[in-house]
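Colleague: I am new to this structure. Could you take me through some of its local features?

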Amino acid sequence: MEKGKLLYEGKAKKIYETDNPEQLIVHYKDDATAFDGKKKGKIKSKGKYNLEISNIFFMLLEDNDVKTHLIRQISETDLLVKKVNIIPIEVVLRNVAAGSLADRLGLEEGTELNRPILEYYYKSDELGDPLINRYHISERGLSTEGQLKLLDILGFKINNILKDYLEERDIKLIDFKLEFGVDSNDNILLADEISPDTCRFWDMKTDKKLDKDRFRRDLGGVVEAYQEILK
């Protein structure tokens, strides 16, 4: 499968056409950004690690009746996927207070939440991906009510699947971001990636951070953290 025209380049990935109008190639980059692009750098082999980690999670979810855009891995850094129109809503699931949630609710980072919290963010680089609610989504026509209900159901289902899978491997799933798209048959598919770039993973025994927070907070050991998650 050969890459065609470059359709889009984001902070962490490039999207290419293929000779099949229903399929795309996603190339995972080693570039790393934080704080809305204010901090930039590179993490050696990040693209390779994120692709392999995402691939494992996508296959796990497919085995549990969550439909994704995954078709197959075609190289160390390239994934063949089904073409979807991305719904411009980032769905964030939180199990433990960290990052912005800890700040907003005045909770100590690491506080276990009474139950998972689901949040929506408007997928807009220009606006800084702001936190939004159902009324904002309706006002801007970002999704239908039916789509939003399905995103809620899928979000909590994916959270349960990933939490159970990771706990068996002594990893605590703190929070994570999901993106969804609509294919040519109006099916909603999980898209984008599930990786240390889009999740917070902590070692269950030591609370050591095993994700992009090591880059954000200059903690060092970034490559080793991504390697450990893949392992």
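**Buried and exposed residues, strands and a helix**

Modeller: Asp129 is buried, at a relative accessible area of 17% (buried is under 20%, exposed over 50%, partly exposed in between, with a 1.4 Å probe and protein chains only). This is a predicted model, in which local features need pLDDT of at least 70, side-chain atom pairs count only at pLDDT 80 or more, and totals for chains, interfaces and linings use all residues. Residues are numbered from 1 along each chain as its sequence is written, and side-chain values use heavy atoms, without hydrogens and water.

Colleague: What is the phi of Asp129?

Modeller: Asp129 has a positive phi of about 50 degrees, although Asp129 is not a glycine. Asp129 lies in the loop between β10 and β11 (131-132); strands (E, at least two residues) and helices (H or I, at least four) are DSSP runs, numbered from the N terminus.

Colleague: And Asp218, buried or exposed?

Modeller: Asp218 counts as exposed, at 63% relative accessibility. Its phi is also positive, near 55 degrees.

Colleague: Now strand β9, which strands does it pair with?

Modeller: β9 pairs in the antiparallel sense with β10 (residues 112-122) over seven bridges and with β12 (residues 171-182) over four bridges. Pairing requires at least two DSSP bridges between two strands. Ile89 stands opposite Tyr122 in β10, and Val91 opposite Leu178 in β12.

Colleague: How many residues of β9 are buried?

Modeller: Eight of the eight residues in β9 (residues 89-96) are buried.

Colleague: Which residues are buried in helix α1?

Modeller: The buried residues of α1 include Tyr49, Leu51, Phe57 and Leu61. Asp65, with a positive phi near 65 degrees, follows α1.
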